[in-house]
Amino acid sequence: MDETSSCPGNDAPNSGGGIGFFERYLTVWVGLCIVAGIVLGKVAPGLAKSLDAMAIYSGDAPVVSIPIAICLFFMMFPIMVKIDFGEVVRAGKAIRPVGLTLLINWAIKPFTMYAIASFFLGTVFLGLIGPDAVDYVKVPLGADVEVGATYGAGEVVLVDGVKMLQVPLWRSYLAGCILLGIAPCTAMVLVWGYLAKGNDGHTLIMVAINSLTMLVLYGLLGGFLLGVGQLPVPWKALLLSIAIYVALPLVSGYFTRKWLFATTGEAWFRDRFLRYLTPVTTTALLATLVLLFSFKGETIVANPLTILWIAIPLTLQTVLIFALGYGISKGLGFNYETAAPTAMIGASNHFEVAIATATMLYGLSSGAALATVVGVLIEVPLMLALVKFCLKTKGWFAGGTGNEVNEAIVMQPQTSLEGEL
């Protein structure tokens with residue numbers, strides 16, 4: 001393996017044992033973004049709207065917000081450029097671990113997320129969210145609908161002269177949860193696996209495979225589950241979202257990596273270029289969140305427990321999927337070094353893609369976009385707790401047959417990984 005991927009914004013050596021300063025306190029930064037966004041919405045209420053109005057239009061409908069698209073591209077590019085997709089072919093000998101990870105990520109996780117989120121948001125917390133509370137989201141790209149028409153659970157209305165869909169607020173939150181549930185992590189999971197002292201090779205392989213699988217299954221599963229939830233299914237926008245936020249950075253990262261390897265060498269790429277990317281993803285993420293909360297600030301102030309209602313099903317989903325992956329790994333006889341990252345990969349979410357997709361499909365000010373941001377809020381503390389749980393239960397996996405992953409992958413020396421993380 002020519003180099004080991006790492007978390008975005010976390011390539012330089014540090015003394016924190018594998019997780020950088022920004023990543024360790026990501027929940028704090030998100031909290032500060034909430035405050036900054038709310039203040040911005042109060043002080044300059046037209047700024048975020050003006051920025052979001054800078055868009056690529058289809059007819060009279062804004063399809064892609066240019067400032068947000070730029071921010072979200074720079075979230076994803078540093079992740080993709082670190083992946084060695086040549087390692088995917090070596091996964092063939094590790095059929096069971098790779099197969100289990102794919103099963104959990106794509107055949108189980110999206111559906112448990114839908115079931116848990118719809119139960120809590122649509123039943124348990126419906127009275128607290130407000131059964132009559134509504135949200136205004138974008139009309140699906142290409143949909144020819146008239147004012148007053150129904151679309152799924154929504155009704156087409158005019159908002160400031162623009163056609164929008166008025167949908168139940170809890171269903172908008174559900175849409176954000178769905179988009180999180182179908183986005184397996186390809187960034188922070190590298191840190192979680194490292195901190196849990198898992199098999200770094202297996203984690204890297206699955207990062208590459210999940211990135212490629214998302215090109216096909218993200219849109220299919222997203223469209224299906226959104227339709228089941230009586231939510232707008234903007235197929236054209238879904239495909240455009242995948243192209244912009246997954247395919248474009250993936251292809252750009254691949255060719256940038258290949259070009260730099262050829263012109264500057266592997267050592268310069270890893271020791272110098274990756275360091276230049278250190279603040280890029282985090283900065284782009286935080287800038288996007290400030291804009292988002294400048295729109296949603298009034299909702300948060302009016303009902304500060306909104307974040308809690310969304311966080312509870314997301315937390316339960318994370319714990320459930322982790323337990324499932326960890327338990328099945330033990331039942332299949334994997335060793336600890338394989339079981340830990342297998343469980344972590346399923347439990348964590350690719351919130352960058354989820355935020356990007358929610359913003360494109362439903363708008364920066366939508367409840368769906370807010371729900372994806374709650375995923376960022378709970379990710380770090382919850383996953384760090386699960387890392388500690390793994391370390392404490394390492395003895396459960398004495399022996400095992402998970403070494404098939406190590407045999408399938410030429411592992412990089414541990415000292416090199418420590419240098420990047």
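Predicted model: local features only at pLDDT ≥ 70, side-chain atom pairs only at ≥ 80, totals over all residues.
The protein averages a pLDDT of 76, and 74% of its residues score at least 70; pLDDT is the predictor's confidence in each residue, from 0 to 100. Residues are numbered from 1 along each chain as its sequence is written, and side-chain values use heavy atoms, with hydrogens and water left out.

Helices here are DSSP runs (H or I, at least four residues), numbered from the N terminus.

| Stretch | pLDDT | Contacts in the model |
|---|---|---|
| Residues 1–17 | below 50 | 81 contacts |
| Residues 400–421 | below 50 | 72 contacts |

Now for the inside. A nonpolar core is a set of buried Ala, Val, Leu, Ile, Met, Phe, Trp, Tyr and Cys residues joined through side-chain atoms within 4.5 Å. Buried means under 20% relative accessible area, exposed over 50%, and partly exposed in between (1.4 Å probe, protein chains only). The largest core has 103 residues, with Trp192 and Met344 touching the most other members. Helix α16 (residues 367–392) is the top contributor to this core, giving 15 residues. Leaving out residues up to four places away in sequence, Met344 touches Trp192, Phe322 and Met383, among others.

On the surface, Met54, Ile66, Ile70 and Phe74 make up a nonpolar patch with about 350 Å² of accessible area together. Patch members have over 30% relative accessible area and no salt bridge, and nonpolar side chains (Val, Leu, Ile, Met, Phe, Trp, Tyr) are joined within 5 Å. The areas come from the Shrake-Rupley method with a 1.4 Å probe. Ile70, found in helix α4 (residues 66–80), is partly exposed at 45%.

As for salt bridges (a side-chain nitrogen of Lys or Arg within 4 Å of a carboxyl oxygen of Asp or Glu), a search of the whole structure turns up one. Arg270 pairs with Glu266, the closest N and O atoms being 2.7 Å apart. The two are four residues apart in helix α11 (residues 266–276), so about one helical turn separates them. Arg270 is buried at 18% relative accessible area, whereas Glu266 is partly exposed at 31%.

Lys197 lies in the loop between α8 (188–195) and α9 (200–228).

Definitions and conventions. Patch = residues over 30% accessible without salt bridge, like charges linked within 9 Å, V, L, I, M, F, W, Y side chains within 5 Å. Contact = heavy atoms within 4.5 Å.
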